[in-house]
Amino acid sequence: MQTQLFIGGRFVPAQSGETLAVLNPHDNSKLADIALAGKADIDRAVSAAKAAFPAWSRMAAADRGRLLLKLADAIEANAERLARLESLDTGHPIRDTRFLDVPRTAATFRYFGGMADKFEGSVIPVEQGFLNYLLREPVGVVGQVVPWNFPLMFTSWKMAPALAAGNCVVMKPAELTPLSSLAIAELMAEVGFPDGVVNIVPGLGGVAGQYLAEHPDVSKITFTGSTKIGREIVRASAGNLKKVQLELGGKGANIVFEDANLDAVLQGSAFAIFHNQGQACIAGSRLIVHRSLVDAFTERFVRLASSIRVGDPLDPNTEMGPLTSPQHRDRVLAYIDIAREEGGEILLGGKPPAHASLANGCYVEPTIVRAKPTDRVCQEEVFGPFVTINTFDTEAEALAIANGTEYGLGAGFWTRDLQRAHRLARDIRSGMVWINTYKRVNPGSPFGGVGASGYGREMGFDVMREYTQAKSVWVNVDAQTPPWYPR
């Protein structure tokens, strides 16, 4: 595994010589000591990206696209190594990294490799005698801060569209989980990306991340993570008024109506909250169930959740692995105490598993809590295998509960009523809505939120607009000088 910073096309140590231990969340054993980027390293990386930008931005879009397509092929050729590395570093079960994380990463690079030479400008109808057209130009050096929950996948979400649009990148992966991002850097060097186009600098958020957001030569900063840190990113970006794109927290509502297909709901809702141990901003962490169904649903959902196989993420039979760090495990467990203090009822879990083989890891059992919609556990992002159950009687009540938090990232509901489906999709305050499914993503579909969940979009044509700026060009096609003050 690669452990050094990637700057200017080479792997180099941090200028300070500092390193940080990266731990395996299964047993908290040390995987590696990685170079820890400081301000001097960020300066080096930004300088390398700035120097590479003129040639990269003027390269034929099809040639940029070919490099992204070659990278997608290289990711698939190294799929097992990347899957294992991601499972070791994050605790994702190997069945997920093999069949979701790695394929989605390759698919994203491939999608934007194809997009590079298909993102068009436009011609605007203006007054007679003039041609007005828009150019979409890359913004320049882009700073990207990637979270620890899906580091491999988010590397592609951030990097692929930025590069396709002609920008150069300085990426700071989370210090907890940098290994797969550094592995992607190795593959980029192998397939021939020019030096300096991509730079990867693991470092502490309060040092490297903060300085990247402040840096005067960074034209845009994009961040995925908590709402609290997102607000700090906005403040740090003010120095040069750089563009900001934020994908922040969520508190996904998952509504079950009385006419829903209960078998489908059970499976979909389990995936919505327990996939990746609930460490997903779009997790369906609030089940809102019609009163007529709640007893039958809860009994079956508790039984299903209790059957989930929790264990070593490298075991192909494991369905739920550890949380990514001891600090986060303790944070999730603290919400059990909060739930009890507020009168919540713990229906399942709420503690580490009892099996001795898991005692040294960051494990938490699947947890189901009956709570009030206004309780903290229904309002704050727990970010773990922790789901609350609320009840409702009317559609209006369900909508009020769903919209009753500061977040607005993802939400879903289950119904066979077509009119209700379109009505609710319109009225839910959320950047994404899933109907009779949950947590679906695709490189072509915009991903992002409203409110405390941030602004801007990942994926699709929308993200290409995020990584470019419009230039309006006016041409006097008649070559005549109009009166200085046309009447």
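Helices (H or I, at least four residues) and strands (E, at least two) are DSSP runs, numbered from the N terminus. With that in hand, let's start the tour. You have a predicted model open, where local features need pLDDT of at least 70, side-chain atom pairs count only at pLDDT 80 or more, and totals for chains, interfaces and linings use all residues. Residues are numbered from 1 along each chain as its sequence is written, and side-chain values use heavy atoms, leaving out hydrogens and water.

First, select residues 11–473. This span is 41% helix and 20% strand, and its end C-alpha atoms lie 42 Å apart. An unreviewed UniProt entry annotates it as "domain: Aldehyde dehydrogenase"; such annotations may be inferred rather than shown by experiment.

Next, pick Ile 75, Phe 109, Leu 163, Phe 193, Phe 274, Phe 301 and Ile 368. These have the most contacts inside the largest nonpolar core, which has 115 residues. (Such a core is a set of buried Ala, Val, Leu, Ile, Met, Phe, Trp, Tyr and Cys residues joined through side-chain atoms within 4.5 Å; buried means under 20% relative accessible area, with a 1.4 Å probe and protein chains only.) Helix H5 (residues 151–164) gives this core its largest share, nine residues.

Now zoom in on Phe 301.

Last stop: His 92, in the loop between helix H3 (79–90) and helix H4 (94–115). His 92 counts as buried because its relative accessibility is 1%. A polar atom of its side chain lies 2.6 Å from the backbone oxygen of Asn 149.

Terms used
Buried means under 20% relative accessible area, exposed over 50%, partly exposed in between (1.4 Å probe, protein chains only). A polar contact is a pair of N or O atoms within 3.5 Å; within protein, one must be able to donate a hydrogen and the other to accept it, and residues adjacent in sequence count only if both atoms are side-chain atoms.
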